[in-house]
Amino acid sequence: MSSTTDMSTDTGSVLEKTRDDRSADDVVLRLEDLVVEFPAGAGQVVHAVSGINLEVRRGETLGLVGESGCGKSTTGRAIMQLPRPTGGSVHFDGRDLAALSPEEVRKLRPKLQMIFQDPISSLNPRRRIPDIVGDPLVVWGRGADKDKVVPDVLRAVGLDPDQVADRRPHQFSGGQCQRVSIARALVLEPEVLICDEPVSALDVSVQAQILNLLEDMKARYGLTLVFIAHDLGVVRNISDRVAVMYLGRICELGPTEALFDAPVHPYTRLLVSSIPSMEGAQRGEVGTGEMPSPVSPPSGCRFRTRCPLATDRCADEVPQMREVAPGRFTACHHPVLDTAVGEPIAPAVTAVPTTPLTASNGAGSNGAGSNGAASSRTES
Amino acid sequence: MTRPTDTAPTTVAAEAAGRHRAANAAGDARPAKGDLLTVDDVHVRFHTRNGVVHAVEGVSLTLREGEVLAVVGESGSGKTVFTRRVMGLISGSRETDVEGTVTFDGITLSDLDAKGLAGVWGKEIALVLQDPMTSLNPVKRIGAQITETLVLHHKLSKQDANARAVELLRSVGLSEPERRVRQYPHELSGGMRQRVTIAIALSCSPRLLLADEPTTALDVTVQAQILDLLGDLQSRLGMAMLLVTHDLRVVRSRSDRIAVMYAGRIVETAPTKDLFDAPRMPYTEALMNAVPPITGPNHVRLAVIPGRPPNLLSPPSGCRFSPRCPYAQDRCLTEEPPLRPASELPGGGIEGHSYRCWYPVGTPENAEARRRNVERGETAAGTPVTGEMVPA
């Protein structure tokens, strides 16, 4: 590995961290007991997000990770009020978005922008690039600035304004379209940018360009990022703090390096050990099973059906978020402290049968169907 | 759900092993660890409205019995077209030109007609596709889909076939197999469906498994499970496997050899360890550096590959990677480098490591090319050289 490792560390100029001169109390976005539910037909309900509390500090990048169907994209959209959450509140700059009228929410939106997974379908195919990027200005009555601001933003995201002037999205590759999406999001100089799987549709060689660009834009525009992704390597690199979600709840929250190097929640341990690594062998701990349906989530701790440490208590009592080390929070009755990833964790007496995780009863086909659908589609 | 590794060796495994042993004991013409699949100078060209797409251009490789060869490439590199050509799913027609030969265990697959291929498909060579949602028939029960090949090739009775289907589902780690055989694909999750497609692929104990991005559509935890399952079955059954993927990371610990494809060509091939230890082709090096590391500090500046994969309607002349390569010199723009063995390099190289580059990574020529490009601020192709591109 010698040569490649050396190269990558040589190239890696670690970005200056502004964490120190930023007060931990300067919270720009606060989610309180956020709940999002969708009707699933036949009186059933999809519990997409079930009461999460989260604070995003000004200037940080908060990573939101989890498998498909865990509610991470729904959380991102609930912040934007797309759609409005079923319960709980979203405080942005001290105001509760969920309690505001639609018009008031609209007025706050310029400060809160979003970019999406599929860069091509999130752009209007019939409009020219400068119009796509300049439209937010027109909407907010600053159309006169268009000719000055748009070329600046396009240059900032690495596009030549003269070259793209007459072009439409289909004439660009996925990576370039993602640059256009980023330019469109930045043109109003937002405070918070929510990135929903911004690089998962891109080729490996293009992905690095966009990730570096996001870091640059964050520095240039003083952004706060909420970065939603399922690729843990990507999240690990870009985030200051990471929240791990499972079936609509947050199971662990902490500073990136600490969380990845010594995960506390059994689910985080499973995720981290599943990361395919450039450095070689898999780090032990192979998971079993799949996520249960969000239509009928397990009682108590939602991870217990796949957890090697589950006990009776996990079935009866929902674990509350608590601080297990400075800055590190987990919702688990049996957090794993002081054990590095890869070392076996001693399974406690498993009182909960590890049930097969789909269609296990009369409502079987429905449940499993929506499970499959959820796992494949909730992302986009 | 049972862990794949915990499942007792099934009769599938035993049978296959037995069959392979018998074949060898019988003094069969083929050697114990002979070449199972030989692909020689395969070309695939598609005639489209906009011109000719040269999707696969002169690919040659061999796969030994029981070996795992990973084909790695980005979208548009031709890896899927290549796999389909090997399988015989793409053949010559008015819109498609094919050249070159594909030989499987003495049979020239590329000469077989549809009927001949049908005798090989499923029985000797099986295919697992990327998307388990669309590769299963939505209106047929799981059991019927698994037994289809068994009934065709082995003339099993319905009852025996059904018992075998249950057994196969158990061997791929699916819970409650008796109930699953009566279910439809939509009743299963993505990971479970991929297990079903693997069970189908394994139903006749093939000697070669082609897996085209088998885990790309799956979650990371499920991806690890499926890859472990494939690796486990592969070694137990002694199958050879062609694992096609875009992610170098997933094959690091799961392949014997790797072939890197770019713009329809193999640009580097080597035993897995050697490729990671000493990549010679700048594209391979760049791919490795572009992946975010999972150890060390966060906010690391990622090495960037400028531009994007070439359009195969009008591929660049000379080396296909030259417009994106930080080391490109004049020669790279006009002359296409041949695939050369790394063992000829001064530092030496392992047998079976070849690369396609005029200025291979790790040589003085490469260092010189890099110095020159950094000095003039751009490569011979006119690509600006930035710190992100060229490792210091």
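Start by selecting T256(A), which sits in helix α10 of chain A, residues 256-261; helices here are DSSP runs of H or I with at least four residues, strands are E runs of at least two, and both are numbered from the N terminus. This is a predicted model, in which local features need pLDDT of at least 70, side-chain atom pairs count only at pLDDT 80 or more, and totals for chains, interfaces and linings use all residues. Residues are numbered from 1 along each chain as its sequence is written, chains are lettered from A in the order in which they are written, and side-chain values use heavy atoms, leaving out hydrogens and water.

Is T256(A) buried or exposed? T256(A) counts as buried, because its relative accessibility is 1%; buried means under 20% relative accessible area, exposed over 50% and partly exposed in between, with a 1.4 Å probe and protein chains only. Now show what T256(A) touches: leaving aside residues up to four places away in sequence, the partners are V235(A), R236(A), S239(A), D240(A), R241(A), V242(A) and N298(B). Contact means heavy atoms within 4.5 Å.

Next, move to chain B. Its secondary structure comes to 13 helices and 12 strands, and buried residues make up 57% of its 392 residues.

Color chain B by pLDDT, the predictor's confidence in each residue from 0 to 100. The mean is 86, and 90% of the residues in chain B reach 70 or more. Over residues 1-32 of chain B, however, the pLDDT is below 50. Where pLDDT is low, the predicted coordinates should not be read in detail.

Now select α7(B), residues 190-202, and α8(B), residues 220-237: their axes come within 10 Å and cross at roughly 15°. Axes are lines fitted to C-alpha atoms, for helices over the stretch in contact, and angles run from 0 to 180 degrees between N-to-C directions. The angle therefore makes α7(B) roughly parallel to α8(B), a word used for angles under 35 degrees, with over 145 roughly antiparallel, 65 to 115 roughly perpendicular and the rest oblique. Among the residues making the contact are I198(B) of α7(B) and L229(B) of α8(B).

Finish with α4(B), residues 142-154, and α5(B), residues 158-171, whose axes are 9 Å apart at an angle of about 115°. That makes this pair roughly perpendicular. Look for I146(B) and L150(B), among the α4(B) residues that meet α5(B).
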